[in-house]
Amino acid sequence: MIEARHLRVLRAVAGTGSFSAAARELGCTQPAVSQQMKALEQSAGTPLLIRTGREMRLTQAGEALVRHAAGILAGLTAAEEEVAAIAGLRAGRVRLVSFPSGSSTLVPTALAAMRAEHPGTRISLVEAEPPRSVEMLREGDCDVALAFRYGGSPAAAAEWEDLVVRPLLTDRLVGLVPEGHRLAGAERVGMAELADEAWIAGCPRCRRHLVEVCEAAGFTPRIDFATDDYPAVVGLVGAGLGVAVLPELAVESVRAKGVSTVSVEPAVEREVVALTLPDLARVPAVAATLAELVRAGAR
């Protein structure tokens with residue numbers, strides 16, 4: 001019989017590439033890792049690793065087992081958490097990953113409510129942009145992921161079809177221009193009016209969408225600067241180095257010094273959602289976190 005603890009060791013070995021590195025990650029000894037891998041190979045009835053000198057790689061059977069391990073371990077975690085909550089032993093834990101503007105706007109409100117309502121629930125937070133945050137969810141490295149997609153993208157919808165999706169809000173993109181810019185103070189600005197400007201672009205997904213929107217307006221943007229850091233985008237625009245479009249959540253989370261915000265046409269929107277795995281959605285602590293994130297998005 002394959003045991004969950006052996007699967008965790010296999011994932012660590014596959015991820016780190018060696019027994020010693022896996023032992024450090026798991027907080028145990030290298031011999032313990034070696035023994036558990038031998039036990040797993042005996043249970044599987046076939047070699048899972050090929051060892052050639054210092055190099056270690058998975059066999060076909062090992063690759064298959066690692067591929068299934070994330071789902072198996074997520075299901076087991078869901079079972080353990082639900083049973084523990086029902087038994088009243090603990091309220092649970094939730095590992096949350098969010099993109100930066102969500103971390104500074106939606107997440108604090110939701111987590112403050114969780115602490116007030118469920119003080120025994122432990123919640124951790126790390127930051128990652130989609131699609132990395134979605135990969136972390138599928139790999140079992142988080143329980144809830146905040147993500148976004150532009151304009152109900154069919155590609156993004158297909159990407160999430162195996163996940164539980166909780167819509168939080170629709171986040172409109174606004175234009176940023178320097179305070180002394182010819183369009184500063186304009187009520188509405190067409191994207192085509194910015195065709196000759198230098199651009200400051202954001203994260204890779206936002207950058208790709210910016211190019212698509214500009215091309216739909218009849219031009220290809222000249223991107224002079226690109227950064228994942230929203231304050232840096234605002235600072236570059238404020239210094240007169242170009243223009244940008246940012247989600248309203250991002251602008252809300254940054255002190256917009258030296259810039260003027262303008263509405264851009266056609267309207268560009270992104271859907272902000274919370275994602276989890278179907279098994280995890282039944283865990284009380286995860287379900288409560290999702291509910292508070294939905295409430296935070298409605299405020």
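**Entry 1: Arg-11 and its partner**

I started with Arg-11, which counts as partly exposed at 26% relative accessibility. I keep in mind that this is a predicted model. Which residue does the side chain of Arg-11 meet in a salt bridge? I found Asp-141, with 4.0 Å from N to O. I then looked up where the two sit: Arg-11 is in helix H1 (residues 4-16), while Asp-141 is in the loop between helix H6 (132-138) and S5. They are 130 residues apart, so I noted this pair as one that links distant parts of the chain. Asp-141 is partly exposed too, with a relative accessible area of 36%.

**Entry 2: other salt bridges**

How many salt bridges does the structure hold? My list came to 17. I picked out a few to look at one by one.

Arg-5 forms a salt bridge with Glu-3, and their closest N and O atoms are 2.6 Å apart. Arg-5 has a relative accessible area of 44%, so I wrote it down as partly exposed. Glu-3, at 32%, goes under partly exposed as well.

Next I went to helix H6, where Glu-135 and Arg-132 sit three residues apart. Their salt bridge has its closest N and O atoms 3.1 Å apart. What does a spacing of three residues in helix H6 come to? It comes to about one helical turn between Glu-135 and Arg-132. I looked up how open each one is: Glu-135 has a relative accessible area of 37% and is partly exposed, and Arg-132 is partly exposed at 37%.

I also found a network of salt bridges, which links Arg-93, Arg-95 and Asp-143.

**Entry 3: the largest pocket**

Arg-11 and Arg-95 turned up again when I looked at the largest pocket, for both are among the residues that lie nearest its centre.

H4 gives the most, with six residues. Sorted by class, the lining has ten charged, six nonpolar and two polar residues.

**Entry 4: aromatic rings**

I turned to the rings next, and the structure holds two aromatic pairs. One of them is Phe-99 with Phe-148, with 5.1 Å from centre to centre and 85 degrees between the planes. Is this pair stacked or edge-to-face? Planes over 60 degrees apart count as edge-to-face, so this pair is edge-to-face.

Where do the two residues lie? Phe-99 is in the loop between strand S3 (93-98) and helix H5 (100-117), and Phe-148 is in strand S5 (residues 144-150). The pair therefore ties together parts that are 49 residues apart in sequence.

Tyr-150 counts as buried at 9% relative accessibility, because buried means under 20%. Put together, the ring pairs link Phe-99, Phe-148 and Tyr-150 into a cluster.

One more thing about Phe-148 went into my notes: which residue has its charged end over the ring? That residue is Arg-270, and the distance to the ring centre is 4.4 Å.

**Entry 5: the largest cavity**

I counted one cavity of 30 Å³ or more. The largest cavity has a volume of about 160 Å³. Its lining has 18 residues, and those nearest its centre are Leu-173, Cys-206, Leu-210, Val-245 and Leu-246.

I checked which elements each bring at least two lining residues: strand S8 (198-201), helix H8 (204-216), helix H9 (230-238) and strand S10 (244-247). Which of them gives the most? H8 does, with five residues. By class, I have 15 nonpolar, two polar and one charged residues in the lining of this cavity.

How values were computed: Residues numbered from 1 in each chain as written. Predicted model: local features only at pLDDT ≥ 70, side-chain atom pairs only at ≥ 80, totals over all residues. Heavy atoms only, no water. Phe/Tyr/Trp six-rings, centres within 6.5 Å; stacked < 30°, edge-to-face > 60°. Helix = DSSP H or I, 4+ residues; strand = E, 2+ residues; numbered from the N terminus. Buried < 20%, exposed > 50% of the residue type's maximum accessible area, 1.4 Å probe, protein only. Lys NZ or Arg CZ within 6 Å of the ring centre and 35° of its normal. 1 Å grid on protein atoms, 1.4 Å probe; cavity = no way out; pocket = protein on both sides within 12 Å on 5 of 7 lines; lining within 4 Å. Points joined across faces, edges and corners; volume = space filled by probe spheres on them. Nonpolar A, V, L, I, M, F, W, Y, C, P; charged D, E, K, R; others polar.
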